[in-house]
Amino acid sequence: MHPFTYTRASDTREALNAGRRGGRYIAGGTTLVDLMRETVERPDSLVDISDLPLREVRATEGGGLRIGALVTMAETAAHPKVRALYPVVSESLELSASAQLRNMATIGGNIMQRTRCTYFRDVTAACNKREPGSGCAALKGHNRTHAILGTSDACVATHPSDAAVAFAALEATVHLLGPNGERRIAFADFLLRPGSTPNREQALRQGELITAVEIPALPRPLRSGYLKVRDRQSYEFALTSAAVALHIRGGVVREARVAAGGVGTVPWKLPAVERHLVGERPSAALWTAAAEKAAAGARTLQHNGFKPELLKRTVERQLRVVGGTK
Ligand code: SF4
């Protein structure tokens, strides 16, 4: 392992100072330590932020929910407000990783986690994300689990987070704190598509710290849920997934929030599906017709040609589960 220094920040100012000098933030460490062991990541300096006061889940004035960056996945999933208001978030977390990892990993770390592309983690393979300009071994390699949406000639890796799919669907906001103060960024703009620079994954500036993820208030009643399709039922990443939230009143879909996972280089919002739903009466035919739009623009690779159809079926099934068929 590459040698590194370790400091534990006692307050936010100390953390930001260390971050400004190039220190890498660490909390649960469930991604970063693995990558350091594999020498994929070789930071010179780690700044442990576990003691910062970012462990609160609270309702916002507008009726949304603010989840502190250091709240663990398990705490978030079990929180009564999250369960009551946004079951899609709880379900996405409970279907992620293992119980042990969920007890350690934080919400901030969850949305920062790096791809599970096997070539990214194999330091002998060509990988533009790990080593810019070296090529992409996945393009002509084993790419069954890789992305079909938002890809580029430089990278076709999926974003691995389930919770990020729920946050994307709900149009959450990421709160950041940096040397120049606080700012907020829409979740849709936080994670970056690979383009020609797949090594740049988040719209973070030097030294910036994630302080919270905020889910906006959405009209009530809101039904929501998360479906994850994978090769085995536990401790596995999504081949496809669907986060769905529907506001149905008077027998009509008034608002719809839908996003997909396991298929995009970032959590993939599905505005065409949402538009098809709004103003319509729930029915099996509506769910089918809306889901038909889920894979628009998909570009498959040699081994993942099954994904567009699987994605449509995943979205259709979850629309049916959340919205009912009447
Ligand atoms: Fe690297 Fe992306 Fe290619 Fe995987 S898909 S090998 S992460 S460049």
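Biologist: Leaving aside neighbours within four places in sequence, which residues is Ala291 in contact with?

Modeller: This is a predicted model, where local features need pLDDT of at least 70, side-chain atom pairs count only at pLDDT 80 or more, and totals for chains, interfaces and linings use all residues. Residues are numbered from 1 along each chain as its sequence is written, and side-chain values use heavy atoms, with hydrogens and water left out. Contact means heavy atoms within 4.5 Å. By that rule, Ala291 is in contact with Lys312, Val315, Glu316 and Leu319.

Biologist: Is Ala291 buried or exposed?

Modeller: Buried means under 20% relative accessible area, exposed over 50%, partly exposed in between (1.4 Å probe, protein chains only). Ala291 has a relative accessible area of 1%, so Ala291 is buried.

Biologist: Why is Ala27 partly exposed?

Modeller: Ala27 touches Asp48, Ile49, Ser50, Leu70 and Thr106, not counting residues up to four places away in sequence. Its class follows from its area: Ala27 is partly exposed because its relative accessible area is 24%.

Biologist: Which residues are closest to the ligand?

Modeller: A residue counts as near if one of its heavy atoms lies within 4 Å of the molecule. The ligand is surrounded by 15 residues. The closest are Cys117, Cys127, Cys136, Cys155 and Val156.
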